[in-house]
Amino acid sequence: MDVRRRLPAVDTLLAHPAVAAARARHGHRLVRRAVRQTLDEARQQLAASHQAGEIADGDALADAAIERLTELARPASRAVFNLTGTVIHTNLGRSTLAEAAITAMADAARHPTALEYDLDDGGRGDRDRLVEDLLCELTGAEAATVVNNNAGAVLLALGTLGAGREALISRGELIEIGGAFRMPDIMQAAGCRLREVGATNRTHPRDFESAIGEHTGLIVKAHTSNYAITGFTKSVPEPKLAEIAHAHSVPLLVDLGSGALADFTALGLPYEAQPSDAITAGADVVTFSGDKLLGGPQAGIIVGRRAAIQTIKRHPLKRALRLDKLTLAALEATLRLYRDSDAPERDIPTLTLLTRPEAQIAATGERLLPHVSDLLGDFEVTLAPCASQLGSGSLPVDRLPSQALTWRPRADQRRQRERQLQRLEAALRQLPRPVIGRIGDGALHLDLRCLAGEEDIATFITQLAQLPRLYDAAPSGGTT
């Protein structure tokens, strides 16, 4: 007799009390799928063992079905604890939104909105109007428009102002951003002909003046926000670039990359260029991101002179890159906080985390240390000073003093210590709310700068009870 026939039928396993209870929570369709997959896997295991394996009893199969159901019901987009030390982490979604932005998104999702409808005259409106006045007020620009991200903003601006002509840029500013997207490639995609000016480390005004000619479409300045060239260096300041550009009747495009709407030095943070600085310097168009130092949703923001912005808005690519109503709602709410809040660093989470005092972070660490000190016998856990970074290409050299829970393996052999760190990293990723840290200097570090708020701290502590089991189950190679 084929022992696989001794496995229960789908309906039999569905009737198991534990599975039936799960049906009340998740619905029949998803639970039935989990049961079918569980039984299929059991049949495959029996076939692989040439039908010599033991038949799992009903309770074990029910447990397996519920475990699979948990996996099926778990969303792919999951909240994690970002304890990497990089506050604005591209791979972890960059900035978290302010509560006002979250509420605005929820309201926009629930109801029809006046997205492209003019409530004054009853005709069709422009969706950019939802944020344009705010952006102009905050940056000093004459006009503004928004697209899906800053790469899109640069692509659109270049394609509008310089397609078919030369774009002059300092050789030291031919940046590459995450995912190997490079400024020369964006220029080529926009239809511009790249012309490098100056040297990697030093560029002078005369380099631009000698390069500009009848084929020049625009001058581009890209802030090297994700790296720094130090030593024997020189660059042309924006006011001088604007003077050169306007003397030859070509526009100046300044790509800030990140861009900040707050005075970072007033918040005790390193200086970061603001769009208003470039506008004051004479830039015709300035581009920057919405989800980096601004602390809003993913967006590419373009501000500048009215004539240039109007031309950009008429480009066919503008429609392909436009923002949806949810993003616009979140962006408007975030911009209103910059305009109206007495303390944006309190109301905008990204600014809150960046300005968090080290003493407060250390207090969080002292609170957590008793919960982790003896959790895993393979590790000695201490609270140690560390340095956070802003992330997403913002201020790459500057660091913020912070504190980290540092897990150092006790093993004597280096290879064994590496395997233990890999297992720990894998186990932390398998927690209900995954914990993402970083391995360095022979230890795993959990930078606590971004672990703030009573609810998050309580969740972090509660789920630690599962870590020993997950660590024991983690493969020694660290894969999951």
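1. The model is a predicted one. Leaving aside residues up to four places away in sequence, Gln-403 is in contact with Glu-358, Ile-361, Ala-362, Leu-383, Ala-384, Pro-385, Cys-386, Leu-446, Asp-447 and Leu-448. Gln-403 itself sits in strand β12, which covers residues 400-409.

2. One of these neighbours also makes a polar contact with the glutamine: the side chains of Gln-403 and Glu-358 are joined at 2.9 Å. Is Gln-403 buried or exposed? Its relative accessible area is 10%, so Gln-403 is buried, the cut-off for that class being under 20%.

3. The annotated lysine deserves a separate entry. An unreviewed UniProt entry places the feature "modified residue: N6-(pyridoxal phosphate)lysine" at Lys-292. In the model, Lys-292 is found in a loop, with β9 (285-289) on one side and β10 (300-304) on the other. Lys-292 counts as buried because its relative accessibility is 10%.

4. On salt bridges, the count for the structure is 24. One of them is formed by the side chains of Lys-313 and Asp-126, with an N to O distance of 2.6 Å. This pair links distant parts of the chain, the two residues being 187 residues apart. Lys-313 belongs to helix α12 (residues 306-313), and Asp-126 to the loop between α5 (99-110) and α6 (129-139).

5. How accessible are the two partners, and in what class does that put them? Lys-313 has 25% relative accessibility and therefore counts as partly exposed. Asp-126 has 33%, so Asp-126 also counts as partly exposed.

6. The loop between α5 and α6 holds Asp-128 too. The side chain of Asp-128 meets that of Lys-318 in a salt bridge of 3.5 Å, N to O. Here again distant parts of the chain are linked: Lys-318 is in helix α13 (residues 317-320), and the two residues are 190 residues apart. Both Asp-128 and Lys-318 are buried, whereas Lys-313 is partly exposed and Asp-126 is partly exposed.

7. A local pair can be set beside these. Glu-425 and Arg-429 both belong to helix α18 (residues 414-429) and are 4 residues apart, about one turn of the helix. Their side chains meet in a salt bridge with an N to O distance of 3.8 Å. Glu-425 counts as partly exposed because its relative accessibility is 27%; Arg-429, at 28%, counts as partly exposed as well.

8. Some charged residues are joined in a network. Which residues does this network of salt bridges link? Its members are Glu-116, Arg-124, Arg-127 and Arg-322.

9. The last item is the largest pocket, which holds about 770 Å³ of space. Its lining is made up of 27 residues, and the closest to the centre are Thr-96, Leu-97, Leu-353, Arg-433 and Asp-456.

10. Which elements each supply at least two residues of the lining of the largest pocket? They are β1 (81-82), α5 and α16 (349-354). Of the elements, α16 gives the most to this lining, with 4 residues.

Definitions and conventions
Residues are numbered from 1 along each chain as its sequence is written. This is a predicted model: local features need pLDDT of at least 70, side-chain atom pairs count only at pLDDT 80 or more; totals for chains, interfaces and linings use all residues. Side-chain values use heavy atoms; hydrogens and water are left out. UniProt positions are given in the numbering used here, feature names are shortened, and annotations may be inferred rather than shown by experiment. Buried means under 20% relative accessible area, exposed over 50%, partly exposed in between (1.4 Å probe, protein chains only). A polar contact is a pair of N or O atoms within 3.5 Å; within protein, one must be able to donate a hydrogen and the other to accept it, and residues adjacent in sequence count only if both atoms are side-chain atoms. Contact means heavy atoms within 4.5 Å. A salt bridge is a side-chain nitrogen of Lys or Arg within 4 Å of a carboxyl oxygen of Asp or Glu. On a 1 Å grid over the protein atoms alone, a cavity is a set of points where a 1.4 Å probe fits but cannot get out, and a pocket is an open set with protein on both sides within 12 Å along at least five of seven lines; lining residues have an atom within 4 Å of a point. Grid points are joined across faces, edges and corners, and a volume is the space filled by probe spheres set on the points.
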